[in-house]
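Thanks for making the time this morning; I would like to walk through a few local features of one structure, so please keep the viewer open while I talk.

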Amino acid sequence: MEIAKTIEDIRNQVSDLKARGKKVAFVPTMGALHGGHLSLIKMARQYADAVVVSIYVNPEQFGPSEDFGSYPRTTESDLELCEKEEVEVVFLPDTETIYGSAEKYFSIEIKELNDYLDGGSRPGYFQGIVLVVNKLFNIVKPDVSVFGQKDYQQYRIIEQMVKEFNHETELLMAPIGRANDGLALSSRNAYLSEEERKIAASLYRSLQYIEQQIKAGVLEPALLLKHQQDELEAKGFRNDYLAAFSMDKMSPVSKLEKGNQYVLAGAVYLGKTRLIDNIIIEI
Ligand code: AMP
């Protein structure tokens, strides 16, 4: 496994792979790798001949009061996991490499898709993500790129970015990797106390219950959503959002229609940990 730290390094590595006729798949991550990331790597492997994983905690996607400083950094074990998965190249840049030190004159404005869910709750979050993913796509130039359904809004925004900025990469979305009790795997789960971890899967339980009720015919789910939020509050969660959203516009939908797909998504705080999860439902 090669480890590339500079842009020149990673470009040379990818050029070599492509020159040898290999289709290159890319899995961008912020490290602290877990089973969810591994399923992305496995999917990448299925669709390409060589896998490039990037590990970079992107400061631009953290708000001033968010957890950039304490975000788990486990580079050594991440590299071991990548080695085990027979990843061809890990791109491990530092911030000087990604952003340089000169003053920046440009940013990317997201005009749609960003008003609700995490876009609504975390100002600047997706601007930071599209900035870094745009850079990473320009640097790595992957044939295929894999993102997780866990961050569905991220997938949708990147899908639109690829279209509008003419990136030549095919996007794939990997299903959500979960722990045995259903909790969506996340690097931030490391923040949960033992007690918090015991109830953390409640968000997924609520989503499953709402899905069941919608499928049973509750097509105006406002009350249902409110009840589930109340139940989560009673268990000790602090609600951010819980709603059905349109798959393409990422806006909340109060009246669901048969024959359509929606993303049923929720975000809660449990102590200092923010948890997100979603289910794609087809009615
Ligand atoms: P992160 O390191 O959290 O920025 O995530 C890197 C990639 O892994 C993103 O495409 C995420 O959507 C994806 N990912 C994170 N957790 C999961 C999970 N539990 N299941 C599937 N994909 C995930």
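Lysine 141 sits in the loop that connects α6 to β5, and in this predicted model the residue has a positive phi of about 50° although it is not a glycine. As a reminder, most residues other than glycine have a negative phi.

Glutamate 86 counts as exposed, at 59% relative accessibility.

Let me move on to two loop residues on either side of α7. Glutamine 149 lies in the loop between β5 (144-148) and α7, and it is buried, with a relative accessible area of 13%. Its side chain makes a polar contact of 2.8 Å with the side chain of asparagine 278. Histidine 167, in the loop between α7 and β6 (170-174), is likewise buried, at a relative accessible area of 14%, and its side chain is joined to that of asparagine 134 by a polar contact of 2.5 Å.

Now to the hairpin. Strand β8 (residues 261-270) pairs with β9 in the antiparallel sense over 10 bridges, and tyrosine 269 stands opposite arginine 274 of β9. Two residues separate the strands of this hairpin, and glycine 271, in the turn, has a positive phi of about 60°. How many of the 10 residues of β9 are buried? Eight of them are, so that strand β9 (residues 273-282) can be described as mostly covered, given that buried means under 20% relative accessible area.

That brings me to the empty space inside the protein. Rolling a probe the size of a water molecule over the atoms shows where such space is left. The count comes to one cavity of 30 Å³ or more, and the largest cavity has a volume of about 130 Å³. Among the 15 residues lining the largest cavity, Lys150, Tyr152, Gln153, Tyr241 and Ile276 are the closest to its centre. At least two lining residues come from each of α5 (117-121), α6 (125-140), α7, β8 and β9, and the lining as a whole divides into eight nonpolar, three polar and four charged residues.

Turning to the open spaces, the second largest pocket holds about 270 Å³. It is lined by 13 residues, of which Glu109, Ile110, Lys111, Gln160 and Glu164 lie closest to the centre. Which element gives the most to this lining? Helix α7 (residues 152-164) does, with five residues, and the lining of this second largest pocket is made up of seven nonpolar residues, one polar and five charged.

Finally, the ligand. There are 17 residues around it, and those that come nearest are Met30, His37, Asp151, Gly177 and Leu185. For histidine 37, a polar side-chain atom lies 2.9 Å from an oxygen atom of the ligand, while for glycine 148 a polar backbone atom is 2.9 Å from a ligand oxygen. A nitrogen atom of the ligand, in turn, is 2.8 Å from a polar backbone atom of glycine 177.

Key
Residues numbered from 1 in each chain as written. Predicted model: local features only at pLDDT ≥ 70, side-chain atom pairs only at ≥ 80, totals over all residues. Heavy atoms only, no water. 1 Å grid on protein atoms, 1.4 Å probe; cavity = no way out; pocket = protein on both sides within 12 Å on 5 of 7 lines; lining within 4 Å. Points joined across faces, edges and corners; volume = space filled by probe spheres on them. Helix = DSSP H or I, 4+ residues; strand = E, 2+ residues; numbered from the N terminus. Nonpolar A, V, L, I, M, F, W, Y, C, P; charged D, E, K, R; others polar. Buried < 20%, exposed > 50% of the residue type's maximum accessible area, 1.4 Å probe, protein only. Pairing = 2+ DSSP bridges. Near = heavy atom within 4 Å. Polar contact = N/O pair within 3.5 Å; in protein donor to acceptor, adjacent residues only side chain to side chain.
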